[in-house]
Amino acid sequence: AQLIDETGVLSNFLTELGKHEANVLTINQSIPIDGVAQVTVAARINATKHQLDNLISQISESYGIVEIKLLNS
């Protein structure tokens, strides 16, 4: 994901994952460049492809999310 570098954005992102019962395994964040940080989250999510697409869609609409991609399902 690419997140705006503002207080609470990463927390909100992780809260949204938690609402969908994602088990966060690791979080890696780069130093923000031009106000945007690259964040990679490895998570275990028990969901169908449709549910994952819905999760990505809902999270991408959250404040501070510039872009979100599912790398492996």
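Biologist: Where is the place of Thr-40?
Modeller: Thr-40 sits in strand S3; strands here are DSSP runs of E with at least two residues, helices are H or I runs of at least four, and both are numbered from the N terminus. Before we go on, this is a predicted model, where local features need pLDDT of at least 70 and side-chain atom pairs count only at pLDDT 80 or more, while totals for chains, interfaces and linings use all residues. Residues are numbered from 1 along each chain as its sequence is written, and side-chain values use heavy atoms, with hydrogens and water left out.

Biologist: Which way do S2 and S3 run, then?
Modeller: Antiparallel, with six bridges joining S2 (residues 23–29) to S3; two strands pair if DSSP finds at least two bridges between them. S2 and S3 make a hairpin with six residues between them, and Asp-34 in the turn has a positive phi of about 55 degrees.

Biologist: What's the strand order in the sheet?
Modeller: S2-S3-S1-S4, an open sheet of four strands with antiparallel pairing. S2 and S4 (65–67) are at the edges with a single partner strand each, so one side of each has no neighbour in the sheet. On average, neighbouring strands are turned by 35 degrees against each other, direction ignored; the axes are lines fitted to C-alpha atoms (for helices, over the stretch in contact), and angles run from 0 to 180 degrees between N-to-C directions.

Biologist: How many bridges join S1 to S3?
Modeller: Three, between S1 (residues 2–4) and S3 (residues 36–44), running antiparallel. S1 is also joined to S4 by two bridges, again antiparallel. Gln-2 stands opposite Gln-38 in S3 and opposite Glu-67 in S4.

Biologist: Changing topic: what volume does the largest pocket have?
Modeller: About 510 Å³. A pocket is an open set of points on a 1 Å grid over the protein atoms alone, where a 1.4 Å probe fits, with protein on both sides within 12 Å along at least five of seven lines; lining residues have an atom within 4 Å of a point. Points are joined across faces, edges and corners, and the volume is the space filled by probe spheres set on them.

Biologist: Which residues lie nearest its centre?
Modeller: Val-41, Ala-42, Lys-69, Leu-70 and Leu-71, out of 21 lining residues. S3 gives the largest share, six residues.

Biologist: What's the lining like by class?
Modeller: 14 nonpolar, five polar and two charged residues. Nonpolar covers Ala, Val, Leu, Ile, Met, Phe, Trp, Tyr, Cys and Pro, charged covers Asp, Glu, Lys and Arg, and the others, Gly among them, are polar.

Biologist: Last one: is Glu-16 buried or exposed?
Modeller: Glu-16 is buried because its relative accessible area is 17%. Glu-16 is in helix H1 and touches Leu-55, Ile-59 and Ser-62, not counting residues up to four places away in sequence.

Technical notes: Buried < 20%, exposed > 50% of the residue type's maximum accessible area, 1.4 Å probe, protein only. Contact = heavy atoms within 4.5 Å.
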